[in-house]
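Hi,

Here is the model I promised to pass on. Have a look at it first, and my notes come after.

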Amino acid sequence: LAGSDPERQTALRELINLQAASSPAQAAETVRRYLDFFPDAPDRTGLLMRGARLLVRAGDGKQAVDLYSKITGDNRIPASSRLIAAREAAVAADEAGMFDVAETMLRYLIDQADTPVRKEEGRLLLGEHFYRRGNYAEAAALMQAVAADNGSNAEAARYWLLQSLIPLKR
């Protein structure tokens with residue numbers, strides 16, 4: 001295929017790009033092969049994200065969450081990338097019916113938030129998650145706290161607070 005490692009890396013990246021349009025699962029498998037051959041590649045984080053997103057598109061949320069977890073569990077990766085991976089993992093896990101994993105990733109997002117705004121966003125997302133799961137009391141408590149902070153998500157939190165209170169008949 002190619003004579004040197006840089007040529008192999010280029011060829012595999014081109015193959016991933018070609019496969020992504022027609023077969024996301026196959027492209028994700030090529031990402032896995034790339035990372036097997038080049039585990040310390042400088043573009044490792046980007047490829048892990050790309051592979052996870054391809055798996056989501058292919059409908060394989062479980063494997064996508066596994067790739068996202070490789071990012072969130074690696075403290076060598078910048079915090080901003082880990083937080084993006086946690087958020088996307090929560091969505092993928094939720095869509096795959098892995099509700100406990102989604103909650104874990106949302107809690108990670110809150111715990112690891114590097115700014116108050118990101119922490120508030122994580123709490124809002126966790127409250128929405130509780131609401132969708134029918135845990136209205138937990139959702140209401142989180143939404144009330146976010147609304148009380150009167151930050152950028154206060155309006156959305158008030159909406160979800162009211163939605164959560166209706167089934168609780170409060």
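Predicted model: local features only at pLDDT ≥ 70, side-chain atom pairs only at ≥ 80, totals over all residues.

Residues are numbered from 1 along each chain as its sequence is written, and side-chain values use heavy atoms, with hydrogens and water left out.

**Overall build**

The protein chain has nine helices and zero strands, where helices (H or I, at least four residues) and strands (E, at least two) are DSSP runs numbered from the N terminus. Reading from the N terminus, the order is α-α-α-α-α-α-α-α-α. Along the principal axes, the C-alpha atoms fill a box of roughly 70 × 30 × 20 Å. Of the 170 residues, 42% count as buried; buried means under 20% relative accessible area, exposed over 50%, and partly exposed in between, with a 1.4 Å probe and protein chains only.

**The largest pocket**

Its volume is about 320 Å³. For the method: on a 1 Å grid over the protein atoms alone, a pocket is an open set of points where a 1.4 Å probe fits, with protein on both sides within 12 Å along at least five of seven lines, and lining residues have an atom within 4 Å of a point. Grid points are joined across faces, edges and corners, and the volume is the space filled by probe spheres set on the points.

The lining of the largest pocket comes to 15 residues, and Arg-32, Leu-35, Leu-48, Leu-67 and Lys-70 lie nearest the centre. Helices α2, α3 and α4 each supply at least two lining residues, and α2 gives the most, with seven. By class, the lining splits into eight nonpolar, one polar and six charged residues (Ala, Val, Leu, Ile, Met, Phe, Trp, Tyr, Cys and Pro count as nonpolar, Asp, Glu, Lys and Arg as charged, and the others, Gly among them, as polar).

**Charged pairs**

I count 15 salt bridges, taking one as a side-chain nitrogen of Lys or Arg within 4 Å of a carboxyl oxygen of Asp or Glu.

- Glu-29 and Arg-32: the closest N and O atoms are 2.3 Å apart. Both residues lie in helix α2 (residues 24-37), three residues apart, or about one turn of the helix. Glu-29 is partly exposed at 34% relative accessible area, and Arg-32 is partly exposed at 40%. Arg-32 turns up in the pocket lining as well.
- Arg-44 and Asp-74: here the closest N and O atoms are 3.3 Å apart. This pair links distant parts of the chain, 30 residues apart, with Arg-44 in helix α3 (residues 44-57) and Asp-74 in the loop between α4 (61-72) and α5 (79-95). Arg-44 is partly exposed at 21%, whereas Asp-74 is buried at 9%.
- Arg-53 and Glu-88: this salt bridge is 2.6 Å, N to O. It also joins distant parts of the chain, helix α3 to helix α5, across 35 residues. Arg-53 is partly exposed at 39% and Glu-88 is partly exposed at 22%.

The network links Asp-94, Glu-128, Arg-132 and Arg-133 through salt bridges. Arg-133 has a second contact: its charged end sits over the ring of Phe-99, 3.6 Å from the centre (the rule asks for NZ of Lys or CZ of Arg within 6 Å of the ring centre and within 35 degrees of the ring normal).

**Rings**

How many aromatic pairs does the structure hold? There are five, with rings of Phe, Tyr and Trp (its six-membered ring) pairing if their centres lie within 6.5 Å; planes under 30 degrees apart are stacked, over 60 edge-to-face, and the rest tilted. One of them, Phe-37 with Phe-38, is tilted, at 6.4 Å centre to centre and 55° between the planes. Phe-37 is exposed at 58% relative accessibility, but Phe-38 is buried at 10%. Elsewhere, ring pairs tie Tyr-131, Tyr-136, Tyr-159 and Trp-160 into a cluster.

Over to you!
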